[in-house]
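My notes follow in the order in which I took them.

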Amino acid sequence: MRNIIVIVILCLLLSMGLGFDVELNYKHNLSVCALLISLFLLSGNKNIKLYFILPLLVLPVIYFTTGMVYGRLNNGILMSLFETNIRESLEFITVIPMLFIFLNILLLIVLILYVGYVEFKFNKRLIYVGLVLFVISPVGDFYKKVSPLSALKESETLKESLLIKPSWDITANHSKYDDYVLIIGESMRKDYMSAYGYALNTTPFLKKTNGFFLDGYLSTSPNTTTSLPRTLSISDFKNVEINNTIITLANKSGFDTTWISNQGFVGEFDTAISMVAQRSKNKFFLKLGGSKSRNINDAAILPIFAKELNKQTTKKRLFVLHLMGSHPNFCKRIKKDIYNLDNQQLSCYLSSYTATDNVIKNVINKLKERKRSYSLIYFSDHGLNESGTEQDSQLHIGNKHLSNYSIPFIRLSSDDTRRITVKNNVSAFHFLSIFSDWIGVKTKQIPDFDIAKKEKYVYVFDWNKMIEVNTLLLDPTIVVPIK
Ligand SMILES: [Zn+2]
């Protein structure tokens with residue numbers, strides 16, 4: 001019995017430490033089962049345990065606390081382990097909970113017990129099965145992910161982008177507020193927000209608050225990795241000036257800049273945004289790999305934001321908070337489905353709106369407590385479109401519908417006295433103009449832009465070409481029964 005307990009604990013701790021969360025993920029669970037069975041099958045062979053299993057488990061044991069915090073090994077974690085400059089430039093979650101340290105010691109103890117004392121006798125041929133299962137277990141997955149070359153390539157890409165110096169020519173600098181907060185994220189369509197008239201009260205805080213609401217803001221492009229670099233940098237649709245971004249402009253204008261992200265740090269979809277983020281003075285990434293790494297609730301951003309906000313300073317500051325928000329898969333983003341609609345996807349999607357609304361409310365409360373003047377802008381990365389039915393919603397990324405681009409744009413400031421909504425189609429390609437006007441900085445590079453002025457043609461980038469928004473298809477908003 002004692003031997004069985006040792007093996008089970010060893011298997012569970014190893015799986016947890018390697019980022020295989022015990023959740024309803026059948027691939028993870030199969031992999032954990034493979035490890036469990038292989039530990040049983042191989043326990044009878046002293047040589048295999050001493051010269052195969054033990055050496056292979058040294059790194060996973062060392063990795064344990066990192067894995068408990070950041071999940072499965074990925075390029076971002078590898079980069080931070082091997083590259084001091086990246087480790088130093090990112091503020092890590094440095095306080096490792098005592099519980100994780102205790103579990104790490106426990107892991108070491110059960111590993112020693114397993115190698116030294118645990119023994120189950122099986123048919124010799126089953127050892128081969130054990131070896132195969134060990135290879136496809138979380139331990140095998142860990143070694144499969146050790147790819148220093150591709151991690152190195154990603155870090156080179158990031159470093160190279162840093163070499164291009166910004167070319168800002170600042171002609172005026174009179175910012176009105178002390179703290180500026182830009183909240184971005186994620187797949188929120190404007191039409192499902194009660195703040196923009198949706199009947200179900202999905203955004204109770206934004207529905208009531210004073211502030212400026214632009215009705216007609218359009219993301220540059222219909223997915224994050226294309227949209228945000230074009231929004232946050234000087235860009236025509238083809239080129240993005242990775243040196244001339246909101247961050248380098250704020251830095252040059254004397255702001256203290258802080259970036260807190262719940263999206264990924266490096267990976268196919270994240271490196272392009274990290275190129276903008278990495279020039280911030282303070283950087284916090286809750287996920288080091290791609291945005292598909294371990295799921296973390298956006299609320300985890302709040303304590304980091306509060307800590308940074310409450311630091312003593314006389315400087316002007318810019319905080320950028322990048323949320324996971326309503327990123328598919330919606331049900332994973334929320335703590336609870338608060339609407340319980342028959343249409344479960346839509347129900348989770350709308351619940352994630354309320355979660356984001358709550359994050360914004362919390363940020364505003366913290367800003368009020370800080371008693372410095374502030375202004376906050378919120379918009380999402382992009383929208384989504386529907387391809388299902390009213391009963392079975394299938395919201396996803398696409399490029400043909402207006403709703404793929406139609407996102408909220410909200411500005412809430414400490415001196416707001418009323419609520420203003422302006423109806424006008426404005427492409428996020430103008431965001432740098434809007435941003436520089438917001439922080440009170442004028443440059444030779446960025447043209448003036450009036451958010452209320454009607455433009456004859458408004459364009460977005462549909463991944464292939466610039467497209468006039470009036471030619472986009474319409475995607476009706478699903479009306480849900482209000483209980
Ligand atoms: Zn996205």
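I began with Ile 183 in this predicted model, and, setting aside its neighbours within four places in sequence, I found Ile 183 in contact with Leu 321, Leu 323, Ile 360, Val 363, Leu 376 and Tyr 378.

I then looked up the largest nonpolar core, which holds 128 residues, and noted that Ile 183 is among those touching the most other members, together with Leu 10, Val 181 and Leu 321. Helix α16, residues 344-370, gives the most to this core, contributing 10 residues. Because domain 1 (2-75 + 97-146) and domain 2 (164-471) both give residues to the core, I recorded it as lying between them.

Next I turned to helix α11, residues 224-232, and asked how many of its 9 residues are buried. The count is 8, so I noted the helix as largely enclosed by the rest of the structure. The buried residues of α11 are Thr 224, Thr 226, Ser 227, Leu 228, Pro 229, Arg 230, Thr 231 and Leu 232.

Last, I looked at the chain as a whole, where I found 17 helices and 16 strands. The C-alpha trace spans about 80 × 50 × 45 Å along its principal axes, and buried residues make up 47% of the 483 residues. Of the contacts with a separation of 6 or more, 76% are between residues 24 or more positions apart.

Note on methods: Residues are numbered from 1 along each chain as its sequence is written. This is a predicted model: local features need pLDDT of at least 70, side-chain atom pairs count only at pLDDT 80 or more; totals for chains, interfaces and linings use all residues. Helices (H or I, at least four residues) and strands (E, at least two) are DSSP runs, numbered from the N terminus. A residue is buried if 20 or more other C-beta atoms lie within 10 Å of its own, exposed if 12 or fewer, and partly exposed in between; C-beta atoms are placed from the backbone. Two residues are in contact if their C-beta atoms, placed from the backbone, lie within 7 Å. A nonpolar core is a set of buried Ala, Val, Leu, Ile, Met, Phe, Trp, Tyr and Cys residues joined through C-beta atoms within 7 Å. Domain bounds come from an automatic or database domain assignment.
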